Amino acid sequence: TTSENRPGGQPPANTACKGAGGKYVIGMSQANVAEPYRQRMDDDIRAAAKSVPQFEVRFTDAQQDNSRQVSDVENFLTQQVDLLIISPNEAKPLTAVVKKAYDKGIPVIVLDRKVEGDAYTTWIGADNVEIGRQAGKYVAEQLLPGGGKIAEIRGLAGSTPAKERGDGFREAIQGKNIDIAVSQDGDWLREKGQEKADAILKSNPDVSVIYAHNDPMAEGAYLAARATGKQDSLKFIGIDGLPIPSGGLKAVEAGRLSATLIYPTAGKEAVESARKILVDCQQTPKTQTLPTQLITKENAAQVYAKENPGG
Amino acid sequence: MIFRFQSLFGLVAVFIAAIVFSPSRNGELLFLTSDNLFNVVRAVSEIGIIAVGMTFVILIGGIDLSVGAMLGLAAVGSAVLLVENDFGLIPTVVIVLAVGLVFGLLQGIASALFSIQAFIVTLAGLQIARGLARIWSGGQGVAIAYGDGPGEAPVTFSLLGERTFNGLVPIPALIFIVVAVLAILFLRGTAFSRHVYAIGGNEKAARLSGVPVTRVKIIVFGICGLLAALAGIIHAGQLNQGSPNDGLGYELDAIAAVVVGGTSLAGGRGSVVGTVAGALLLGVLNNILALNSVDTNVQLLIKGLVIVVAAGLQRLRPS
Amino acid sequence: MIFRFQSLFGLVAVFIAAIVFSPSRNGELLFLTSDNLFNVVRAVSEIGIIAVGMTFVILIGGIDLSVGAMLGLAAVGSAVLLVENDFGLIPTVVIVLAVGLVFGLLQGIASALFSIQAFIVTLAGLQIARGLARIWSGGQGVAIAYGDGPGEAPVTFSLLGERTFNGLVPIPALIFIVVAVLAILFLRGTAFSRHVYAIGGNEKAARLSGVPVTRVKIIVFGICGLLAALAGIIHAGQLNQGSPNDGLGYELDAIAAVVVGGTSLAGGRGSVVGTVAGALLLGVLNNILALNSVDTNVQLLIKGLVIVVAAGLQRLRPS
Amino acid sequence: MAQWRVWMDNGVASLVGLVRISKSYGGVRACRDVDFTVRAGEVHALLGENGAGKSTLMRVLSGDLTDYTGTITVGGKPIRFHGPADAQRAGIAMIHQELDLVPGLSVAENIFLGREPRTPVRTLDRRAMLRETRNLLRRTGIDLDPRRQVGELRTGEQQLVSIAKALSLDAKVLIMDEPTSALSSAEVDRMFTVIAELRRGGAGIVYISHRMDEIGRIADRATVLRNGSVVAEFDARDMTADQAAEAMIGRPVRAMFTTHETTDTGEKLLEVTDLVVTRSRPGRRDPAGISLTVRRGEIVGLAGLLGSGRTELLETLFGAGGRWQGSVIFKGRSSRLRGPRSAIRRGVVYMPEDRRISGLALDHSVLANTVLSIVDRIARFGVVSRRREAGEATRIVRELSVKLASVRDPVSTLSGGNQQKIVLGRMLLTEPDLLLLDEPTRGVDVGAKAEIYQLLGQAAQRGMGVLLASSELAELVGVCDRVIVLRGGRNVAELQTAQAGEAELLAASMGEVVQL
Ligand SMILES: Nc1ncnc2c1ncn2[C@@H]1O[C@H](COP(=O)(O)OP(=O)(O)OP(=O)(O)O)[C@@H](O)[C@H]1O
Ligand SMILES: Nc1ncnc2c1ncn2[C@@H]1O[C@H](COP(=O)(O)OP(=O)(O)OP(=O)(O)O)[C@@H](O)[C@H]1O
Ligand SMILES: [Mg+2]
Ligand SMILES: [Mg+2]
């Protein structure tokens, strides 16, 4: 068995599994649907759950507030859901309440950001440091093989992905003669990306690549460049690659962004794991790291079609 | 006389509605389980404590938009002092409360002494507190680990996330109740409170009647900052972390609680009892909507309408 | 007389500071390049347009917290109508503006007719507009593609992201200037504007003088909603997308512009000229901080201080 | 029938008539079955104690209050107004007791508020507005720049603007609710000329005032209200002040002015030497400034025309004014006038001339307003005893015979005169040494005035000093031991009331040399 990986308390017995005959209420606690990425995560879960007739999924939105998310989970506990999926706003603050759920014998699937300790059933997500690394690698190898100056538009100050996407990127361009001439916070927002790029293009006209921590900010930067007619001499790369009409895949396909890196939502995988746990009474691996994928003009349309079958 | 308790009517109405609409399991109304009721109080405790301070500010005809940012600053401060500076519990709490107090007093001075509108002073205060929190924390959430070693916070601090009385009453709820009771007594019985109401009623008359208007105003902003800092400490204790983005938008929630509780934004009229009722009303509303898994967007619509209706009902009291 | 133009002092001061601190390249001051200056105007145009509407509301002693959410709703509406419903440009613009107008009027009715405080009505309105925007867009940003085919918006709409006069003047900046000039003329030259000032100055006196107080108030909220919707259309056009979260927190920026421009939150005193100056002041400040790549957190502190000081300077005018 | 009778009141056609008008506020019946008419070409005085219902009745007639019972007739036809604009269209205009002007707008804009002249393209016609305002001000003899902001004007000047505004409506019926309460005799005279002109032009005027001398001078008819009902009607030309007062109060009046023992040897309480208030525009003031003394047990009057500097002087002495030069010695010690709080602590209290703006929190209870200045004094360790508080409030309210149901009622429900007494009560509770009073009987009825005078007399007798600014000469002569006349910010004369009367005071105020 895998129980030797669990120091401390015994894993609660899987009493949740009632097999295919059961009816299951799943609580999905989302950190902030205001982010397109998280909205897509909810949508993916919704879509995937449609194919499991035993599942009813309830969604909450913590609106980027740790406290609210704690309450959301508490309310799920009051409702006595059969399984909890949580995409935590931040790790530490949600750890206690997730543990509380897990200790009550409710299987917990953690998506994207982690919680501390191991009081959860499975974590599914991607590696932001790795994504940052890949972005750096792409810049160093494809866009600026001879080196050059770039600008960085970062995610919200204080958020983990902003740190990790920045760190991975720096790691990959180390020693490649690439200089991050300017780095500004864009708060994940398109208009902030535009505003910051406006100024960056003025103060650092020799910058030739703009690396944004997500696609909306990259798009904003593109708009700022277009307003000054520089859109063709500059390259933009983002992260997320959401398969939605306003997402990065379309932006790459249309040539506005040179590249984006897929940050998988894990929605589909979460429902799959839930089915395994509740319906099939099986174990899931403790950690499920999903791969990223570099999207360029070559593969953008194809990936979009794959992610939106029939649409 | 009837109207003295009018702010409670809305709460009672929403409470009854919550019972009626409560989902049940095994014949038990989920809303009414003691666990759930205390969850509600716990969930409103931070906003509630802030709203108590906000009540004072609004009573003098002011407003404080900086409280949410102050909560974030205090949460960060608690975490950094406990974990990075290895301060003890008492020094940390004292320092953080002092930061809140001083920040509030400074805002009071800007607003009362230089007569700049409170709205704008505290809007600027919001930005400044947020900036300070980011700088203090290095931009990152600071996690709090417990233990006796260096870089670990005293275990006592984690009590803020616990429950007492047989694991029933969350500590933050308890603190909220204590703060509210103290504030109610204070606003009923002290000369200072008479001055607060007088300033909100007619500042010029209050000044000519010998009320130390400037001093009272400054102190009131200080109290508000202090209580926001207290909420921030609780926040850090509950979440085992202080993050510079904590408390985003709490100011509007707190103001909503105050107004739904019947305190007039024009000043001079209102009570802490009303504010507590207002905070609980909004908490019960959030809770029952969540228990029924109402769609988040529809929740926004319903909450908006309830706030308007509740504020509208307040108008029915004779003027 | 000197004081009539006092609101411009702050702007001039910040402008001069910007020149002094401007980084330069090849001997050319980056701040003063016409490109950059128009960038500043473009960057403030949405907030500026909203702030013009906000000026009206604040002049009658009200406030409108729903404008940011209204911008989001309008941006979403523009995108959905153009792309998903394949409406033409004119019908889309008309419908979206009508939505803003009606939403504003409804808030005006709630506030003026049922005398609920504007702060609370529009706080609720904020939530409602945000909820509606989420529902209308399905929670996602709706991207706008241009072309003649189905699901594509008329290319004319993308002009909002372009510049005119030899690629110099951004269209949004142009619209802002037009709106501001119209509003200035309107507030100078109409009887309606006297009524607006009168209501803010002494509502009872206005009523006794036969001013149709309720009607004027409702119309003013309508104007504010309309202008927020206009800003939302521009937003969608500039960003080629309408997202339900657009405009988050814009209400506070707009209010800051109005107050920094010397309009009193108590109502009855102020001008659109001041508001435009206030918006530009904040825009120039943002720009020069960004041009110098000042740390974001330090930017927050500086902006907070400048807002307080600018508002403080306004107080020097004789009351 | 009733309407017809009202219209053909005594065979004379009336412009408007009120038939069996009743109006209640919550439980308070402010007017009961009142019949009232206004004829063309008459000045009809409406008299009554504070709270008798005069303002209420007229607010009904002017369309301000719309939830009444009874009938209003205009030209014999019943009509129901839905707002002030309706009444204005029917030719009825009202000058409200509490000044209702917009401080941020100019004089001209205030006068034309709600009916601004427009150009052919519907924009505001500023030029016409200024022109007409100038004409109007000239016609009414008011010396004001139409472009000045009303907020910058002093109370008296604002009252003139209100009057001008009402006159500009060219109303058939003009209701004037205490239009002269902040005016001095010169302005009153000018106003009366205007009223006489209007009367000749066929307008009907309702005149409410607590200054009985004015009634005798201009009224043709008088109606007296008591507790909301009509209790008497007089031909004003042969009505005596005592008759009217008796009808108002319901019993014979005591003497208006009671003399108190003046102890001329009283200790010097206040000594002001060459006080110059520097807020006033420079160059307008003789640097000599104001010098005066107030002794214990003395009531000293301050006379002067509008803008002569009385209010400014009192504000400065209370520490609530602007910058100043000179010397102020209070109780033998030089005073720096640090502000109201320290003034009150040292025994100086001040009653501002506009109680509504500066005196009271109208929404708050009588209780809260009365004890405001002493809450920290009666508090123990900062905690106020509610019983003590209520006790103090009840005592002073009873001592001043304030007419009210409960000290917990909001002050806004009291009549003007009773509101005034609340301010006085708050001052007296602090047990002061020096009372600074600015127009303390403004809008106060005869009965209450007599009571206030008596209270001032008692205060003086107990050793307090009183400095009383007033525009009512009869009051100054009747109450004060000495009257100091101010003009242009300096004292130009001092009259002993034992030797001089109203005529001398007026002459001195106007700048004539007075021989004593
Ligand atoms: N807004 C109000 N709410 C409740 N009661 C009121 C209100 N206004 C007036 N009253 C009451 O109605 C009665 C009549 O008041 P009114 O103002 O008409 O008296 P008045 O004769 O004009 O007195 P004064 O000479 O003092 O102006 C008083 O008892 C007063 O307390
Ligand atoms: N705040 C102010 N703004 C402008 N002028 C002022 C102000 N205060 C006083 N003045 C001027 O100072 C002079 C004295 O005014 P003050 O009000 O003291 O006289 P007053 O005799 O009390 O007149 P009133 O009958 O109006 O009360 C006037 O010329 C007045 O215009
Ligand atoms: Mg009256
Ligand atoms: Mg005066």
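Biologist: What makes a pair of side chains a salt bridge?

Modeller: A side-chain nitrogen of Lys or Arg must lie within 4 Å of a carboxyl oxygen of Asp or Glu. A:Glu152 and A:Arg154 meet at 3.4 Å, N to O, so the pair qualifies. The model is predicted, with local features needing pLDDT of at least 70 and side-chain atom pairs counting only at pLDDT 80 or more, while totals for chains, interfaces and linings use all residues. Residues are numbered from 1 along each chain as its sequence is written, chains are lettered from A in the order in which they are written, and side-chain values use heavy atoms, without hydrogens and water.

Biologist: Are A:Glu152 and A:Arg154 buried or exposed?

Modeller: Both are buried. The term means under 20% relative accessible area; exposed is over 50%, and partly exposed is in between (1.4 Å probe, protein chains only).

Biologist: Why is A:Asp167 called partly exposed?

Modeller: Its relative accessible area is 33%. That falls between 20% and 50%, so the label follows. Its salt-bridge partner is A:Lys163, with the closest N and O atoms 2.8 Å apart. A:Lys163 is partly exposed too, at 35%. Both lie in helix H5 (residues 160–173) of chain A, four residues apart, about one turn of the helix. Helices are DSSP runs (H or I, at least four residues), numbered from the N terminus.

Biologist: Why does the pair C:Lys217 and C:Glu203 tie together parts apart in sequence?

Modeller: C:Lys217 lies in helix H9 (residues 213–239) of chain C and C:Glu203 in helix H8 (residues 203–208), so the pair links parts 14 residues apart in sequence. The closest N and O atoms are 3.3 Å apart. C:Lys217 is buried, at 13%. C:Glu203 is partly exposed, at 36%.

Biologist: How do you know that chain B and chain C are in contact?

Modeller: Contact means heavy atoms within 4.5 Å. By that rule, 36 residues of chain B touch 37 residues of chain C. The two chains bury about 3300 Å² between them, 76% of it on carbon and sulfur atoms. Buried area is the accessible area (1.4 Å probe) that two parts lose on being put together, summed over both. In chain B, B:Gln117, B:Phe119 and B:Gln127 lose the most area to chain C, together 17% of what that side buries.

Biologist: How many salt bridges cross this interface of chain B and chain C?

Modeller: The rule finds zero. Over all chains, the whole structure has 55.

Notes: Helices (H or I, at least four residues) and strands (E, at least two) are DSSP runs, numbered from the N terminus.
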